[in-house]
Amino acid sequence: MTTAPTALTPPPVVAPAEPAAVAIPSIGVRSDLLHLGLAADGSAEVPADYALAGWFREGGRPGGRGPTVLLGHVDSRDGPAVFYRLRDLSPGDAIEVATGDGSVARYAVDRVEQVPKDEFPTFEVFGATRDDVLRLVTCAGDFDRGERSYTDNLVVHATRL
Amino acid sequence: MRPTVRRIAILSAITTVSVALSAGVASAQDTEVPEPSSFTSMFTAMATPDMVVNADGVATPGEEGATGTFNYRINSDEEIICYDITLNGVTPPYESPARTATHIHEGTAGMAGPPRIAFPNPEDDGSGALRSEGCLQGPFTTGVAPEGTDTGEGFSLAQIEADPSSFFTDSHTANFTAGAVRGQLTSVPMGGVATGAGGAASENWAPVALGAAALVGAAGVGTLVARRRAQD
């Protein structure tokens with residue numbers, strides 16, 4: 001069982017259609033994107049750098065059918081991390097995803113939901129969608145100091161403008 | 001011998017009736033079973049008409065405007081696949097030489113390939129969408145045996161786990177026999193996402209000693225490349 005973060009740096013060259021960076025002006029987030037896959041235990045690989053968000057590369061990308069899924073830590077042992085303020089997002093807030101060709105896809109927040117990790121709605125977050133949608137995922141809920149893990153995930157659902 | 005075999009046998013006797021009603025002849029294999037307690041992998045596919053190719057691998061667009069979401073959960077130890085399929089804009093009747101017209105085939109994007117699993121066809125759930133959900137246990141058969149051997153024979157779910165991009169899923173209709181919609185399988189992660197390590201955002205937050213090494217597992221990676229700035 002490994003939940004150790006493994007992706008360290010963003011790729012040096014990002015394909016034209018693939019996400020390269022995310023910006024969320026209303027909460028002051030701006031991050032290059034790591035490219036993430038699956039961990040050995042089948043869970044989502046998460047960023048090794050707590051200051052950076054990551055894109056789940058098995059899923060969608062802007063301009064196509066969804067979902068584009070971005071993962072980021074809420075905090076490290078040293079304090080708040082890249083997605084710490086995700087919980088402050090409100091419906092209508094803008095999220096911008098820049099792709100490798102420099103174009104920017106704009107999304108608007110539909111809703112923010114908190115879900116228990118042991119009942120994580122896999123296909124509501126990662127399942128194929130007809131539309132160009134974006135999901136942001138971080139942690140929330142109570143913190144288990146023994147496991148060094150939160151009980152819940154916070155999921156932001158957004159739709160392409 | 002699994003302790004649940006008897007229960008499965010009873011359930012399958014019940015579900016065989018409904019499968020037979022919706023999908024023609026039901027096989028003794030491909031048993032409808034209850035959902036297992038755990039899964040070893042999960043996959044999704046966005047199926048669209050533009051992905052359809054015919055048996056010769058020639059692009060053969062399916063039903064215009066139609067889409068399908070195919071969500072699969074696999075327990076490869078028990079050879080069980082749970083399916084949750086939703087079609088929008090697909091117009092039955094279904095048609096296929098296989099036992100049903102909704103399949104997982106072996107084939108990479110742009111290539112044709114034999115069906116390995118036949119699922120009950122999605123039916124109108126009252127909302128206008130066509131839905132099919134449940135769990136099947138192998139060994140799988142499709143009812144297609146072009147060379148005398150069923151195309152499901154010898155297939156196991158571990159093959160999907162080993163290389164999901166080599167499999168696609170689709171539904172065939174009378175008007176679009178090559179496929180109304182088709183999509184390649186992609187992996188989705190299982191369980192929650194481990195995106196917090198400090199407790200600073202916790203609802204039960206309390207100050208603790210800070211400064212411990214945060215990046216567990218970050219060592220051992222080779223050459224680091226210079227960060228480029230993507231949004232200058």
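1. A:Glu96 and A:Arg106 form a salt bridge, with 2.8 Å between the closest N and O atoms; the term covers a side-chain nitrogen of Lys or Arg within 4 Å of a carboxyl oxygen of Asp or Glu. The model is predicted: local features need pLDDT of at least 70 and side-chain atom pairs count only at pLDDT 80 or more, while totals for chains, interfaces and linings use all residues. Residues are numbered from 1 along each chain as its sequence is written, chains are lettered from A and ligands numbered from 1 in the order in which they are written, and side-chain values use heavy atoms, with hydrogens and water left out.

2. The pair links distant parts of the chain, 10 residues apart: A:Glu96 lies in strand 7 (residues 94–99) of chain A and A:Arg106 in strand 8 (residues 104–116) of chain A. Strands (E, at least two residues) and helices (H or I, at least four) are DSSP runs, numbered from the N terminus. A:Glu96 counts as buried at 19% relative accessibility, whereas A:Arg106 counts as partly exposed at 38%. Buried means under 20% relative accessible area, exposed over 50%, and partly exposed in between, with a 1.4 Å probe and protein chains only.

3. Strand 7 and strand 8 of chain A pair in the antiparallel sense over five bridges; two strands pair if DSSP finds at least two bridges between them. Their hairpin has four residues between the strands, and A:Gly102 there takes a positive phi near 90 degrees. Strand 7 of chain A also pairs with strand 1 (residues 19–24) of chain A, in the antiparallel sense over four bridges. A:Ala23 stands opposite A:Glu96 in strand 7 of chain A.

4. Strand 7 of chain A is largely enclosed by the rest of the structure, because six of its six residues are buried. A:Ala94, A:Glu96 and A:Ala98 point one way from the strand, while A:Ile95, A:Val97 and A:Thr99 point the other way, and all are buried. Elsewhere in chain A, A:Cys139 is buried with a relative accessible area of 3%.

5. The whole structure holds 10 salt bridges over all chains. One of them joins A:Glu113 to A:Arg111, the closest N and O atoms being 3.3 Å apart. A:Glu113 counts as buried at 17% relative accessibility, and A:Arg111 as partly exposed at 39%.

6. In chain B, B:Glu133 forms a salt bridge with B:Arg131, with the closest N and O atoms 3.5 Å apart. Salt bridges that share partners join B:Asp84, B:Arg131 and B:Glu133 into one network. B:Glu133 counts as exposed at 56% relative accessibility, and B:Arg131 as partly exposed at 27%.

7. A search over all chains finds one disulfide, defined as a pair of cysteine sulfur atoms within 2.5 Å. B:Cys82 and B:Cys135 form the link, their sulfur atoms 2.1 Å apart. The pair links distant parts of the chain, 53 residues apart: B:Cys82 is in strand 4 (residues 80–88) of chain B and B:Cys135 in strand 8 (residues 130–137) of chain B. The link is right-handed, with 100 degrees about the S-S bond. B:Cys82 is buried, with a relative accessible area of 1%, and B:Cys135 is buried, with 5%.

8. Chain B has two helices and 11 strands. Along the sequence, the pattern is α-β-β-β-β-β-β-β-β-α-β-β-β. Four strands of chain B form an open sheet in the order 6-5-9-10, with antiparallel pairing. The edge strands are strand 6 (115–119) and strand 10 (181–184) of chain B, each pairing on one side only. Within chain B, four bridges join strand 9 (residues 167–171) to strand 10, and these strands run antiparallel. B:Asp170 stands opposite B:Arg182 in strand 10 of chain B.

9. Of the 232 residues of chain B, 47% count as buried. Among contacts in chain B with a separation of 6 or more, 65% come from residues 24 or more positions apart; contact means heavy atoms within 4.5 Å. Chain B exposes about 11,000 Å², of which carbon and sulfur atoms supply 56%. Accessible areas come from the Shrake-Rupley method with a 1.4 Å probe, and for residues only the protein chains shown count as cover.
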